[in-house]
Amino acid sequence: MATPATPKAALLQPQTPEALAAALRAASAQKQSIVIRGAGTKMDWGRPAGRIDAFLETRGLHKILAHAHGDLTATIEAGASLADVNAALATHGQWLPLDPAFADRATIGGLLATNDSGPLRHRYGTPRDLVIGVQIATADGTLAKAGGQVVKNVAGYDLGKLVTGSFGSLAAITSATFKLSPLPKASKTLVVSVDSDARLGEIVRQMMASQLEPLAFEFSSGTVARSFQGRDRGGPERAALLIKFASLPTVVDAQVAQARALLQPLAASIDVVDGDAEPALWREHNARMWAAPCALSAPVENVAIVRASWLPSAVTTALAELVTMGAPIDLVGRAAVGAGLLRIGGDTATQARVIARLRQSASVGNIVVLRGSDALKAAVDVWGPMGDRERLLASLKHALDPRNTLNAGRGPL
Amino acid sequence: MDAAFLSDLRHIVGHEHVLDDALELLTYECDALPHLRETPAAVVLPSSAAHVQAIVRLCARHGVPFVARGHGTGLSGGALPVAGGLVIALARLNRVLDVDIPNQRVTVEPGVTNLEITKQVAPFGYYYAPDPSSQQVCSIGGNVAENSGGAHCLKYGFTTHHVLGVEAVLPDGEFIHIGGTLADTPGPDLLGLLIGSEGTLAIVTKIIVRILRRPEAVQTLLAAFDTIDAGGAVVSDIIGTGIIPAAIEMMDALAIKAAEAAVHPNFPPADTVLIVELDGPASEVSALFEMVKEICALRQATSIEVAQDDAQRARIWRGRKAAFAAMGRVSPNYYVQDGVVPRTKLPEVLNRIRQLEARSGLRIGNVFHAGDGNLHPLICYDERVPGEADKAVEVAAEILTYCMDAGGSLTGEHGIGADKSQYMPKMFTAEDLALMQRVRAAFDPRGLSNPGKVFPTPRLCGEVPGPYRQHPVEGAGLAERL
């Protein structure tokens, strides 16, 4: 489901920031429509593209420009893949602690542009929390920087934040500087299953109120779909939680023991996963929404995947509401952040109806359609209402990209 | 400022909440950077977001520049009034609107003090993490404007990492709501742009912050060293080992002396002391704390004092947090800078500062956030001695040059304000600044909101020029305006 390019769409592959800026300037001067592309893992997110005259690929900009390991910072070109970057940073026992969708291929520029994150968000936040400086190119060919190379800096506007989540609609990111973290020495993951949504909610409440400090705190609820279909496929589980602890080995063991004691009365089962099985478990968890159909009968290309947020304490209410939506829905998310992904089955009309109902819901919000058929995206407002931000966003778009060179209408602006 | 404008202002907030008497205006001439002063035409004290909107609309209609002010504790002249302009003082917007413990969120008005948030949630075992040294008095609205940090931002980040949403009034008087109690507002991160924009983009009228659970354990030590190099090496060793302390603070001999004179924290008479604090799960803190003690010992710490209880920890922190004010004990006046260097460059830059101290004849105390390389050189001078104030500003400018040479920043947490705007071209190119101005113009095309701050004057584009006053640095030929 890649964005359909008009047949004549050119491919621009600049090898330097200056060449990238020059390519943008030339395109803008000719009133062309440009889509910036990293690894292309999220090209189908957002609205279907309008006319595209050229893709501007960042993969030629793939260098780690600096890794100041003593300062826990790195400056990285936009086209470098997160996986390659983390392999290099690991030689000094450090990492850029992000686990977005398609983390094996996703690029630095792409993950900033989408502000995409995964379970590690619980501890480390999203890309916007880790970016400390950027170099960007605007459509008129200006190459400018904001922020800096040091972890603490409030000089000037934080334009690195502004381009984060902009989906390439304001400027092209050519490189970014990040705050890094030390790689944890050891880790273990608790896999906790529960047999009611109420117990899931209680576990979330107790974990948040405790002084445990997990690295990630996830839950997935594939059984929402099951209860809709009115049959149980065996096993008492209605939801599963993944709780990862990472620190020194003895500390991990102590935290695991504390968590086990806390959750025992509420859980249907608790397993501890470590060793090679642990990263495999997390890979599977992260890929689950995007690949395997799981509880859904619909083929994967027919499902809609949307971003959603909720108040952490309201998870039980949110799940109960999802059951009433009249479609099979999976939910995977960050339990204490209240953010994650919904996967919606059913036909286009059903999905559109669910999305409309989600937008009316009191228990979930900030619904954005990432993946979905063109028919669905034509039927719903992909990004949702921008409220009283709309006028300012239009003004920013006009200020930075007055000829509408960038993003081909995919949004959010 | 015409009578009709003042009359309209009084109509909005009530007669007693508009000040235009010369004596009353004195309080508002400066913030906590007293060497920059300007008299506003009037000060207005709204008590609601609706008031703020009506006031800003009025300013927009009349083309009157305005400056939002919290509690006036800023150290960069960010709340310096504009001549002929209005100061919108937000101290009366001081309500705590919502405390949601289960979801770890608190909603407040901008005039609430930073510490008040923690006071509200402490009984439940929570706290608000950013802790600028002025936290007892500084306003959360000011923290948002400046993206304030504090001693514990090494581990926990800055204001931008703890604000989930704001309601704000744009310079044309329209409300905007960014973020909220729910995560992931779609679109570009306007909240991240607004936080730290120093009042030049909007006036925040409501703030939703996230609060953190108190960590299970806290351990604090005070280690003394014979040389600044040894102290700097300890900082690098701790980080290099993969430990991220809650805080690492450094003070030099002059700062120690001042703190002793003022609040008697019982610091050892040393060349350099480090305060290292770890927090987190008890098992983690105790294991890592032993490693920190070993690192201090290996680097020849002359003494290591471990806080045995909260009282002892509070005493150690009192010495650190009182250090700025304490400089008054050793010098009639002082000027604080806020430059940042990569932490690995600390020893090199601190040694350059010591050479500068010897050369300039002005004493320079150093009290700073060593963990993130955020210097706070306190340049001592006596304004009664002709030329000393100017010399202090010269010395400060030179220290900022050292920070730039080291690949650092002009400011880590105090903001650019009016104080450092003329140095922005040291850190940013004309293209960088022009792009920032384009963003500014998208919010505030007429440049009414806090003009003359952040950007060097006269304007690049869209900025209304403030009254020209020769800065001592210009007078000395050390810097020129763009």
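At what angle do the axes of helix α8 (residues 228-240) of chain B and helix α10 (residues 282-298) of chain B cross? I found that they come within 10 Å and cross at roughly 145°. Axes here are lines fitted to C-alpha atoms, for helices over the stretch in contact, and angles run from 0 to 180 degrees between N-to-C directions. Helices (H or I, at least four residues) and strands (E, at least two) are DSSP runs, numbered from the N terminus.

I note that this is a predicted model, in which local features need pLDDT of at least 70, side-chain atom pairs count only at pLDDT 80 or more, and totals for chains, interfaces and linings use all residues. Residues are numbered from 1 along each chain as its sequence is written, with chains lettered from A and ligands numbered from 1 in the order in which they are written.

**Helix pair**

I looked up the hand of the crossing of α8(B) and α10(B), and it is right-handed (the near helix is turned clockwise from the far one by less than a right angle). V234(B), D237(B) and I238(B) of α8(B) make the contact with V292(B), I295(B) and C296(B) of α10(B). Contact is taken as C-beta atoms, placed from the backbone, within 7 Å. By class I get 5 nonpolar, no polar and 1 charged residues. Ala, Val, Leu, Ile, Met, Phe, Trp, Tyr, Cys and Pro count as nonpolar, Asp, Glu, Lys and Arg as charged, and the others, Gly among them, as polar.

**Sheet in chain B**

I then traced an open sheet of 5 strands in the order β5-β6-β10-β8-β9 (chain B), with antiparallel pairing (strands pair if DSSP finds at least two bridges between them). β5 (96-100) and β9 (175-179) of chain B are at the edges with a single partner strand each, so one side of each has no neighbour in the sheet. The twist averages 10° from one strand to the next. β5(B) pairs with β6 (residues 105-108) of chain B over 4 bridges, and D98(B) is opposite T107(B) in β6(B). Helix α3 (residues 49-62) of chain B packs on the sheet, touching β8 (163-169), β9 and β10 (203-210) of chain B. The direction of α3 makes about 145° with that of β10(B).

**Chain contact**

I find 71 residues from chain B and 71 residues from chain A in the contact. Elements of chain B that each supply at least two residues include β9, α8 and α10. The largest share of chain B's side, 9 residues, comes from α16(B). That side has 32 nonpolar, 27 polar and 12 charged residues.

Note on methods: Two residues are in contact if their C-beta atoms, placed from the backbone, lie within 7 Å.
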